[in-house]
Amino acid sequence: MAELDDIIHQPLRLKIMAALNSLPATAAGLEFSRLKKLTGATDGNLGAHIETLAKAGYVSVDKAFVGKKPQTTVTATAAGRGAFARHVATLQEIIAGRQM
């Protein structure tokens, strides 16, 4: 019986992972400002949840400067994509009534 991933299951982290997994695996990821707009999170809240995902190995975070402005890009790792796929599969099993 599959289990829900406690790291991904939190609503904001689920939104982050869904947004990142909607991109092709070869994509560069999403900028922090784009994730903020997609999720409706505050800077601090989004940053904390990205850090949790990064510590779990589900996302990588790249910090750079574009001109004089800092730019943070978040990308789903292979491990993160796998964890998200398993999480979604478990949710689908629950919806189909095969897990309880």
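Q: Which residues of helix 3 (residues 32–39) are buried?
A: This is a predicted model, numbered from 1 along each chain as its sequence is written; local features need pLDDT of at least 70. Side-chain atom pairs count only at pLDDT 80 or more, while totals for chains, interfaces and linings use all residues; side-chain values use heavy atoms, without hydrogens and water. Buried means under 20% relative accessible area, exposed over 50%, partly exposed in between (1.4 Å probe, protein chains only). In helix 3, that picks out Phe 32, Leu 35 and Thr 39.

Q: Why do the buried residues of helix 3 line one face?
A: Look down the helix axis and take the directions from it to the C-beta atoms. The buried residues line one face of helix 3 because they fall within an arc of 60 degrees.

Q: What do the buried residues of helix 3 pack against?
A: Helices (H or I, at least four residues) and strands (E, at least two) are DSSP runs, numbered from the N terminus. Contact means heavy atoms within 4.5 Å. The partners of helix 3's buried residues are helix 2, strand 1 (30–31), helix 4 (43–55) and strand 3.

Q: Which residue just after helix 3 takes a positive phi?
A: The phi here is about 75 degrees. The residue is Gly 40.

Q: Is Ile 16 buried or exposed?
A: Ile 16 sits in helix 2. Its relative accessible area is 0%, so Ile 16 is buried.

Q: Which residues does Ile 16 touch, not counting residues up to four places away in sequence?
A: Two of them, Leu 35 and Thr 39, are also buried residues of helix 3.

Q: What does helix 5 reach from its first C-alpha to its last?
A: Helix 5 covers residues 78–96, 19 residues. The expected span is 1.5 Å times one less than the number of residues. That gives an expected 27 Å, and helix 5 comes close to this, reaching 27 Å.

Q: What do the buried residues of helix 5 pack against?
A: The buried residues of helix 5 are Gly 80, Arg 81, Ala 83, Phe 84, His 87 and Thr 90. They pack against helix 1 (6–9), helix 2 (11–21) and strand 3 (69–76).

Q: Which pattern does the protein follow along the sequence?
A: There are five helices and three strands. Read along the sequence, they follow α-α-β-α-α-β-β-α.
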